[in-house]
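User: Hi! I have a structure open on my screen and would like to talk it through with you. Could you help me find my way around?
Analyst: Happy to, let's bring it up.

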Amino acid sequence: MTRLAPHTYATFLRGMSLPTLYAAFEEAGRPARAGGHSSGWAWVTHDAYPASDGLSAWQLACDLTGFRYADRVEGPGPAESVFLASTPACTCAHGQNYMIPHCDEHPFQFAHSRGGFERTVFNVGGRRESRRSGDLLVRELLAAGIVGRRTPAYEADPAFNVDGALTLRIIARHFGLPSPPLLDTDDTPG
């Protein structure tokens with residue numbers, strides 16, 4: 001299974017060097033706990049934190065791909081980010097609505113941004129992927145039986161992908177995300 005350490009935020013960014021990514025988070029008052037660079041992605045991790053100053057973790061990951069940081073992008077195309085959170089999915093009143101921001105303690109568990117715009121956001125596990133904004137990954141999620149009108153895996157086993165590990169593996173494969181910070185605890189195909 002592919003997992004992210006509990007209560008962790010991870011931001012993967014393509015188009016910036018690791019020192020530039022560290023500096024951007026430092027400037028935002030969110031110094032990184034760990035970081036690295038591999039497979040064309042720079043990444044940083046943080047302990048999960050509430051957005052005390054109004055800037056949530058997934059919003060910062062999106063902002064890094066936008067015009068405010070355009071002069072720091074290294075490469076021909078716009079920057080691209082993948083944000084992952086291993087915090088529990090939001091259960092507050094707005095947590096089931098994909099286009100309404102979640103509470104500060106529970107950002108979307110997956111967000112993909114490019115050019116300053118969130119392209120796809122959703123929570124993972126327990127059928128939450130079906131309440132998403134954006135089409136990215138829909139083919140892979142359909143093929144795995146995670147979303148769709150008929151989901152035989154869920155019908156046969158109510159615990160199927162309840163922790164979102166299969167979804168996280170699909171995300172990691174689709175983008176070619178490096179590990180660490182993702183933990184691969186077995187080699188079972190997913």
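User: Let me start with a spot I clicked on. Is Leu137 buried or exposed?
Analyst: Leu137 counts as buried, because its relative accessibility is 3%, under the 20% cut-off. Keep in mind that this is a predicted model.

User: Where does Leu137 lie?
Analyst: Leu137 sits in the loop between β7 (117-122) and α3 (138-143). Its backbone deserves a look too: Leu137 has a positive phi of about 75°, although it is not a glycine.

User: And what about His7, what is its phi?
Analyst: His7 is not a glycine either, and its phi is positive at about 55°. You'll find His7 in the loop between β1 and β2. With 48% relative accessibility, His7 counts as partly exposed.

User: Nice. Zooming out now, how many helices and strands are there in the protein chain?
Analyst: The chain has 5 helices and 8 strands. Going along the sequence, they come in the order β-β-α-β-β-α-β-β-β-α-α-α-β.

User: How much of the chain is buried?
Analyst: Of the 190 residues in the protein chain, 47% are buried. The accessible surface is about 9200 Å², and carbon and sulfur atoms account for 54% of that.

User: Which share of the contacts joins residues at least 24 apart?
Analyst: That share is 62%, counted among contacts between residues at least 6 apart in sequence.

User: Back to details. Which residues of α1 are buried?
Analyst: In α1, which covers residues 18-27, the buried ones are Leu18, Thr20, Leu21, Ala24 and Phe25. Looking down the axis of α1, these buried residues fall within an arc of 165°, so they line one face of the helix.

User: What is exposed on the other side of α1?
Analyst: There you'll see Pro19, Glu26 and Glu27, which are exposed.

User: Let's move to α5. How many of its residues are buried?
Analyst: α5 is mostly covered, with 9 of its 11 residues buried. Among them are Ala165, Leu166, Arg169 and Phe175. Just after α5, Gly176 takes a positive phi of about 65°.

User: Which residues does Thr167 touch?
Analyst: Leaving out residues up to four places away in sequence, Thr167 touches Phe122, Val124, Gly125, Glu129, Leu141, Ile146 and Asn161.

User: I also see Gly126. Where is its place?
Analyst: Gly126 is in the loop between β7 and α3. Gly126 is partly exposed, with a relative accessible area of 32%. Not counting residues up to four places away in sequence, Gly126 touches Tyr154, Asn161 and Val162.

User: What separates the C-alpha atoms of Gly126 and Ala159?
Analyst: They are separated by 7.7 Å, and the two residues are 33 residues apart along the chain. For Ala89 and Gly126, 37 residues apart along the chain, the C-alpha separation is 9.8 Å.

User: Is Ala89 buried or exposed?
Analyst: Ala89 is buried, with a relative accessible area of 14%. Its place is in the loop between β5 and β6 (110-114).

User: Which residues lie nearest its centre?
Analyst: Arg3, Leu4, Ser86, Asp163 and Leu168 lie nearest the centre, out of 15 lining residues. Leu168 is also one of the buried residues of α5.

User: And what is the lining like by class?
Analyst: The lining of the largest pocket has 8 nonpolar, 5 polar and 2 charged residues.

User: Great, thanks for the tour!

Technical notes
Residues are numbered from 1 along each chain as its sequence is written. This is a predicted model: local features need pLDDT of at least 70, side-chain atom pairs count only at pLDDT 80 or more; totals for chains, interfaces and linings use all residues. Side-chain values use heavy atoms; hydrogens and water are left out. On a 1 Å grid over the protein atoms alone, a cavity is a set of points where a 1.4 Å probe fits but cannot get out, and a pocket is an open set with protein on both sides within 12 Å along at least five of seven lines; lining residues have an atom within 4 Å of a point. Ala, Val, Leu, Ile, Met, Phe, Trp, Tyr, Cys and Pro count as nonpolar, Asp, Glu, Lys and Arg as charged, and the others, Gly among them, as polar. Helices (H or I, at least four residues) and strands (E, at least two) are DSSP runs, numbered from the N terminus. Buried means under 20% relative accessible area, exposed over 50%, partly exposed in between (1.4 Å probe, protein chains only). Contact means heavy atoms within 4.5 Å. Accessible areas come from the Shrake-Rupley method with a 1.4 Å probe; for residues, only the protein chains shown count as cover. The arc is that of the directions from the helix axis to the C-beta atoms.
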